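Here is a model to walk through together. Have the sequence and the 3D view open as you read.

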Amino acid sequence: MSGAQDQMEIKFRLIDGSDIGPKNFPAATSVATLKENIIAQWPKEKENGPRTVKDIKLISAGRILENNRTVEECRSPLYDIPGVVTTMHVVVQPPMEVKKPPSDTKENKCVCIIL
């Protein structure tokens with residue numbers, strides 16, 4: 001492959017329609033590295049940004065991309081045309097909050113007395 005084909009120009013479309021990028025990535029770049037790049041470039045004014053790679057799902061050509069795959073392995077011959085910017089959609093999963101009951105509340109307790 002030539003140097004131009006070893007690169008892929010990608011922009012990341014956020015849920016509100018704004019974009020991060022476009023930026024060139026080598027074909028050997030992993031999806032996890034793309035997600036780390038998104039975290040680093042996340043707009044500061046946007047709330048609920050991703051904190052870890054696990055908070056992000058990347059979708060390209062209707063498929064959710066796996067972290068251990070490379071950009072080359074995720075290419076779709078129908079949608080990834082050389083010289084054209086590829087758009088990947090970014091879905092951020094909000095952090096799960098574990099609700100704990102307050103410790104000072106009275107719980108329903110059952111008491112048995114045997115006489």
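The questions and answers below go from the overall fold to single residues.

This is a predicted model, in which local features need pLDDT of at least 70 and side-chain atom pairs count only at pLDDT 80 or more, while totals for chains, interfaces and linings use all residues. Residues are numbered from 1 along each chain as its sequence is written, and side-chain values use heavy atoms, with hydrogens and water left out.

Q: In what order do the elements of the chain run from the N terminus on?
A: Helices (H or I, at least four residues) and strands (E, at least two) are DSSP runs, numbered from the N terminus. The chain has two helices and five strands. From the N terminus on, their order is β-β-α-β-β-α-β.

Q: Which strands stand at the edges of the sheet?
A: Two strands pair if DSSP finds at least two bridges between them. The five strands form an open sheet with mixed pairing, in the order 2-1-5-3-4. Each edge strand has a single partner, so one side of it is left without a neighbour in the sheet; these are strand 2 and strand 4.

Q: Which residue of strand 4 is the bridge partner of Ile59?
A: Strand 3 and strand 4 run antiparallel and are joined by two bridges. In strand 4, the partner of Ile59 is Ile64.

Q: At about what angle does helix 1 run to strand 3?
A: Axes are lines fitted to C-alpha atoms, for helices over the stretch in contact (heavy atoms within 4.5 Å), and angles run from 0 to 180 degrees between N-to-C directions. Helix 1 lies across strand 1, strand 2, strand 3 and strand 5. Its angle to strand 3 is about 115 degrees.

Q: Which residues have the most contacts inside the largest nonpolar core?
A: A nonpolar core is a set of buried (under 20% relative accessible area, 1.4 Å probe, protein chains only) Ala, Val, Leu, Ile, Met, Phe, Trp, Tyr and Cys residues joined through side-chain atoms within 4.5 Å. The largest one has 17 residues. Those with the most contacts inside it are Ile10, Phe12, Leu34, Ile38, Leu58, Met88 and Val90.

Q: Is Asn68 buried or exposed?
A: Asn68 is found in the loop between strand 4 and helix 2, and its C-alpha atom is 6.5 Å from that of Val31, 37 residues apart along the chain. Exposed means over 50% relative accessible area. Because its relative accessibility is 62%, Asn68 counts as exposed.
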